[in-house]
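The exercises below are meant to be worked through with the sequence and the coordinates side by side. Each task is followed by a solution that goes step by step.

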Amino acid sequence: MELIPTNIAPSYWLSVITFLPLVGAFVLLFLPRSEKNSARWVALLFAVVTFLVSLKLWFGFELGTPQFQFVEQCDWITFGKWKVQYFLGVDGISLLIVLLTTFLTPIVVLSAWKAVQEKVKEYMIFMLLLETAMLGALVSLDLFLFYVFWELMLIPMYFLIGIYGSNPERRRYAAIKFFIFTMVGSVFMLIGIIYLGAKYGGYTFSYPAILDAGIDVYPQMWLFLAFAVTFAIKVPMFPFHTWLPDAHTEAPTGGSVILAGILLKMGTYGFVRFAMPLFPDGVRFFMPALAVLAVIGIIYGALVAMVQPDVKRLVAFSSVSHLGYVMLGLFALNAMGVQGGIFQMISHGLSTGALFLIVGMIYERRHTRMISEFGGLAKVMPVFAACFLIVTLSSIGLPSTNGFVGEFLILIGAFTSGTNGALSSACGPGAYWFAIIAALGVIFGAVYMLWMFQRVMYGKVTNPKNENLKDLSLREFVVLAPIILFIFIMGIFPTPFLRRMEASVKYFNNHYAKQFTDVNAETASTDAPEKAKQAAVTSEKPGRAFARAREAVAVKKDADINNAPSRPGAGPALKSGMKKRAAGVPRLPELK
Amino acid sequence: MNPSGIQLFLKQNFDIQTVMPLIVVAATALLVLLLEATIRGKSRTFLTAVSLVGLGVALLLTLFNFPGAKQSSFYGMVRTDAFAQFFTVIALAAGSLTLLLSANYLPKIKSDTGEFHALVLLAVCGMILMAIGNDLIVLFLGIETMSIAMYILCGIRVDAEKSNESSLKYLLLGAFASAFLLFGIALIYGATGTTNIEALINSGGVLYGISGIKEYQWDTGAYQFAETAAQYFFILGVAFVFLGFAFKIGAVPFHMWTPDVYQGAPTSVTGFMAVGVKAAAFAALIRVFLGIVDFGDLYSSNAIAYQPLMDLKDVLLGVIWLVAVLTMTLGNLSALIQTNLKRMLAFSSIAHAGYALVGVSVALRLSGDDRDAAVGAVMFYLLAYMFMNLGAFGVVIMMNRGNDEGEHLHDYNGLASYRPLVAAAMAVFMFSLAGIPPTAGFVGKFYIFSAAVSAGTVEGYGLYFYSLAIIGVLNSIISVYYYLYPLRNMYFVSAEREHKVELRPLMSASILISTIFVLWIGVMPKGFLSRALEGAKALFFG
Amino acid sequence: MISLESYIPALAFLAEAAADAVKTGASEMNFGAGDFFFYLFAVIAVFSAFMVVTAESPISSALFLVVTFFAMAAIYALLSAHFLAVIQVLVYAGAIMVLFLFVIMLLDLRKEELIEKRHWLLGAVGFVVGIALVVLMVASFRLSQNVEVAVKSGTDQEAPDAAKFPAIQESADQIDGSRIEAARFGTTRRVSKHLFREYLFPFEVASLLLLVGIIGVVVISRRRRRRRPPGEVIDEEGAS
């Protein structure tokens, strides 16, 4: 099956959704600086309209097909052989994150109503610009276009942290650190993208084309490394996480919400969209290392969060821990794990976003975020306490909240994969320990979140400054209410969400199946053999997607290679590569 | 129409149309001098207007009435192809923007004279000559015309010691480089018997001097043409010519003059030097060296046994590889520690020359479409670099308050709060210089690096070209750090005191034009890229 | 007034020597007269160029530069570039050197230094000028009718009438056409032909270059006038 439908009906939905915020930013540019309120309203208007338009994607999305939908494709830049396309589309993997983005942006705009009093216009411009960049990166199917949006995300975020951060000295440091860290990774991805385009994409950067090209085993290693480092910095995975607490602590509330809610998901999205499907051999080779890092991230993030005196820093480290789950789920490479991973991306976006909003609300009232400054707030602010509790429980993963669904799926997926699946195939038997250790993280998560909640909300009101705090205003309630609503909807009725990603996840899992055929019974399920048969018969598209067909061809060729060593055009490296493929499992030296 | 013999002869060899833009600019320079003498005491804005009209007419002529397609004239001395057209446009645009920037700046530094305009116009003439020159002699004359004008422009500030020092330093070192260049040209002439690049190729790669380089044969007692010696003469000539060009583009290790001269010169001149001189020098460099490499190829294809000239391509690749790496790295590392913005931009311009050299090294090694892509990438990069760098210098000029004030990084503190548009423009330029999308700088760098990477995949020179690309992107990261620094000061630091920043119309116009182009080229580079590619394709001889 | 003609004898001699060199090169001789003169003038040129840099007094530097220019002119003549040799002497050794000397005199140099060097300096100058004179003398002695004709044929006519000029006829019999070609190579006629045909464009462009130089001088000198108080300017004029 083609990932891109052959006859594309002209559709402009994705362009409209992506660039509507940009139009808003442009409109804001011409507002006078003193018109703070109208700047807020204009921004809100554009954010809400964008969200409403994006609902079209939810309702118009066709279930049961891994194909990209709402595809837009035209030439953008041509330069000699090089061709860059303006190529957009959503599938089950990106759809939910796109919706999360359009959903969170109006909330963020609303949350900044009172918190941002200076340079309001600029704040709103940066927010809308950021939304455009994020949406663009999510819907791009051309690697060049993706990179453009990916880098574009840095600019507004840099300013948001640097201008609106809390501590004047530290915010500059945090902004530059954020920028440089992200940049370091992404330039290597740029080289990788160019290499892919030149060698495998026929001088285009089209994602489906490169996906079908079949990248050689050896380049896959360094290409995967280049992409993985980029995305791992963004996620952030364990050794690359140091920018995150700084950025989060210093960013304004809205910036933190966007950062935790969506920007970090760009890293995981990058893994599931680009790094993993494009380089399955690379995934297999590096999986042990990455899985270990993911688990370390889970435990490390939780442990460090436990000892944080600052609520915001605590939530930041909890993000490190939660995204460790997402990564583990993605590396499970089975339907449950990957779906759980994507689901967890969304639910983490909602619950952590809400946590940052709540921290912001406290900060607005008291101008401190130290846990020791609080205590007994539940009595003073009952509505606030209720909201906070719900969000906390969602973050812990209590059943009937969204957090539970994601974490449960991930752990089950990782466990099955670890006993009899991709994880065990790549890391050896006993890989189910990853899931078991990760489950410990859930307990740690409950400990640090509940402990923090207890210290802040319960007990006596020790600090006299806390006695007269106001409860949530209507605006603040409006900010939190939709998130809380979705926490429950996703927790109780996860099926509509999971169904939307099901087909795409299955498709991509089959894509890896070849690398893990020896033990992976589950992923190569139901329809994969049929597809392979079909492909073998027609053999028009001997793409990577048709793993089994290819394997069959490789097995056939194996004899030829052995018998005829002087086959023209086949160098020794190519031959050995083909032999490896022909052997069925390209067993590469394991990294341990 | 059937032109008679004499008409055809005139058309081929004395076609004035081919050098019309040059003539217009030179005439404007003379007119400006006359006006300066006759309308003493009045505003110099009038002179700016006259100069701009002249440049504008030349620009229109270049864009819409250029002879085009591989036409050479004046006995092959000039060649007005799309390549020449592209660089002529860069020279004219750089000159126009410089004059716009200078209009309000010159009175501030008390050097508001008509000669300034005339010298800028004559420097543009030199650049045009370097763009259209098809003969080493014309190129040399172009380089000298441009350089001498630049020496004087550097020292045009009446009261500044630094300006004079900069001028003198530039003059002495520049004269030294010119001597090398001339010596190189003489050696090439001695070895090949021609200074014409087209003739060099059309000779079919035969290496005979006009009088020949002869050596005594002890066995026969006769003087014979010394094939090997001639080859070494040729290689030595190539080396000297490269040295001369390397000086003009400020490549390491011939970059020592750049920071002092750039810092000492009036800021608008610095901008002009950084973009105009560099672009013109690259134009000449590319034309000459592609010709030389082609000649070497032809020679090698004729040779029966091994000849030293066969190694020319590899040696050139190695040398330019090293020069490019050093230029990028040293430029960026030195820029990292600067506290004066102008000096920082000077070092960054060294680094940018390094990026362009990456493209040149690819172009010299490859052939066919890949070469076109590499040359086109360099051309496009220089165009993008012109707008972003002149824009950045424009902001520096705007901040200038006489003397050197307003150049230090802390002068930019809090600029965003009281001059948001200026700060925003500066941000665009800085992001573009750092190569962050969606700006012109990103597209430029992208195609340079993609030329390098695709050269790595096509040829057996993977190590050379991948390493170039990787060193290039590593340098981009370094550069991000120092380009973010002014942004940090403008946006994240509050101003201790607000500086008076005047938004004069001409200056603002030039910054606005630069901003628009930086974003336009960044988002919709298609048209610019295709023009660059056309130019690169026109470079093929025969 | 030095005119072009006054150099012609010497140059013609040198051209003859060059032609000899070609001839002797073709024959069995290894080290011909041409080679000898070439090495002689080359050594003089390099040595005096070295002295230009190392000499302590600017005046002696300048005068060594004159020597270099003369030696260069001689080498040009050896290469049959008569016109260039003349121009070299006229423009560089003549006009430009005068300018140099003027500039050096206008500069504020300590007199003791110059006096100290004068004696030795004069000797050197005398030596060089002496050599130059010797060259001229020898050349005028060797002036014979065929040289005159050769020059004439090179400058005035494409193909000299053999009957009118028997010497040419003779030489044409003796040597091949390439020698005549070599002798004509650097004549005024040839140079101007090239200059106004193939090299017309660079020739015209050179005027642009000169214009830039002139403007530069104006800019720099005008600044000097502006910067100094009026009294000083008068002093300067008085000093010169």
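**Exercise 1.** Which residues in helix 9 of chain B meet which residues in helix 11 of chain B?

*Solution.* Before starting, note that this is a predicted model, in which local features need pLDDT of at least 70 and side-chain atom pairs count only at pLDDT 80 or more, while totals for chains, interfaces and linings use all residues. Residues are numbered from 1 along each chain as its sequence is written, and chains are lettered from A and ligands numbered from 1 in the order in which they are written.

Step 1: locate the elements, bearing in mind that helices (H or I, at least four residues) and strands (E, at least two) are DSSP runs, numbered from the N terminus. Helix 9 of chain B covers residues 227-249 and helix 11 of chain B covers residues 267-302.

Step 2: list the contacts, where two residues are in contact if their C-beta atoms, placed from the backbone, lie within 7 Å. From helix 9 of chain B come Val238(B), Val241(B), Phe245(B), Lys248(B) and Ile249(B), and they meet Val277(B), Lys278(B), Ala281(B), Phe282(B), Ala284(B), Leu285(B), Val288(B) and Ile292(B) of helix 11 of chain B.

Step 3: sort these residues by class, with Ala, Val, Leu, Ile, Met, Phe, Trp, Tyr, Cys and Pro counted as nonpolar, Asp, Glu, Lys and Arg as charged, and the others, Gly among them, as polar. The contact of helix 9 with helix 11 of chain B then has 11 nonpolar, no polar and 2 charged residues.

**Exercise 2.** Describe how helix 9 and helix 11 of chain B are oriented to each other.

*Solution.* Step 1: take the axes, which are lines fitted to C-alpha atoms, for helices over the stretch in contact, with angles running from 0 to 180 degrees between N-to-C directions. The axes of helix 9 and helix 11 of chain B come within 9 Å and cross at roughly 160°.

Step 1: classify the angle, given that angles under 35 degrees count as roughly parallel, over 145 as roughly antiparallel, 65 to 115 as roughly perpendicular and the rest as oblique. Helix 9 and helix 11 of chain B are therefore roughly antiparallel to each other.

**Exercise 3.** Why is helix 10 of chain B largely enclosed by the rest of the structure?

*Solution.* Step 1: apply the burial criterion, by which a residue is buried if 20 or more other C-beta atoms lie within 10 Å of its own, exposed if 12 or fewer, and partly exposed in between, with C-beta atoms placed from the backbone. In helix 10 (residues 257-264) of chain B, 6 of the 8 residues are buried, so the helix is largely enclosed.

Step 1: name them and find their partners. The buried residues are Thr258(B), Pro259(B), Val261(B), Tyr262(B), Gln263(B) and Gly264(B), and they pack against helix 6, helix 7 (161-192), helix 11 and helix 13 (341-365) of chain B.

Step 2: look at the loop between helix 9 and helix 10 of chain B, where Pro253(B) is found. A cis peptide bond, with omega about 5°, joins Val252(B) to Pro253(B).

**Exercise 4.** Is Asp372(B) buried or exposed, and with which residues is Asp372(B) in contact?

*Solution.* Step 1: Asp372(B) lies in helix 14 (residues 369-399) of chain B, and Asp372(B) counts as buried because it has 25 C-beta neighbours inside 10 Å.

Step 1: leaving aside its neighbours within four places in sequence, Asp372(B) is in contact with Gly80(A), Leu533(B), Ala536(B) and Lys537(B).

**Exercise 5.** How many residues of chain A are in contact with chain B, and which element of chain A gives the largest share?

*Solution.* Step 1: 30 residues of chain A are in contact with 29 residues of chain B.

Step 1: helix 7 of chain A gives the largest share of the chain A side, 16 residues. By class, that side divides into 22 nonpolar, 3 polar and 5 charged residues.
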